[in-house]
Amino acid sequence: MINLEILTPETKLFSDDVYGVQLPGVVGLFEILDKHAPMVCALAKGKVKVLADKAGNSVATFQITG
């Protein structure tokens with residue numbers, strides 16, 4: 001499990017221990033799981049999917065609009 005926090009300049013949208021997260025990168029969708037190496041990546045417009053388990057079930061989804 002990883003501790004995930006999703007922040008905006010205005011507020012904290014999400015904070016919990018989760019299996020992983022799928023993000024829309026500028027070169028395509030990518031996924032971060034436990035013990036992932038640190039990285040810096042530009043995000044694109046699209047859906048952020050917070051993963052509850054290995055099967056891909058989601059806890060929450062958020063939309064990046066800009």
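A residue is called buried when its relative accessible area is under 20%, exposed when over 50%, and partly exposed in between, using a 1.4 Å probe and protein chains only. By that rule Phe14 is buried, since its relative accessible area is 11%.

The model you are looking at is predicted, so local features need pLDDT of at least 70, side-chain atom pairs count only at pLDDT 80 or more, and totals for chains, interfaces and linings use all residues. Residues are numbered from 1 along each chain as its sequence is written, and side-chain values use heavy atoms, leaving out hydrogens and water.

Let's stay with Phe14. The structure holds one aromatic pair: the ring centres of Phe14 and Phe62 lie 6.1 Å apart with planes at 70 degrees, so this pair is edge-to-face (centres within 6.5 Å; planes under 30 degrees apart are stacked, over 60 edge-to-face, the rest tilted). Phe14 belongs to strand 2 (residues 12-18) and Phe62 to strand 6, 48 residues apart. Strands here are DSSP runs of E with at least two residues, numbered from the N terminus.

Now follow strand 6 to its partner. Six bridges join strand 5 to strand 6, and the two run antiparallel; strands pair if DSSP finds at least two bridges between them. Leu51 stands opposite Ser58 in strand 6, and Gly20 stands opposite Leu51 in strand 5.

Finally, visit the loop between strand 5 (46-51) and strand 6 (58-64), where Asn57 is found. Asn57 is partly exposed, at 43% relative accessibility. Its side chain joins that of Asp53 through a polar contact of 2.9 Å (N or O atoms within 3.5 Å, one able to donate a hydrogen and the other to accept it within protein; residues adjacent in sequence count only if both atoms are side-chain atoms).

Notes
Helix = DSSP H or I, 4+ residues; strand = E, 2+ residues; numbered from the N terminus. Phe/Tyr/Trp six-rings, centres within 6.5 Å; stacked < 30°, edge-to-face > 60°.
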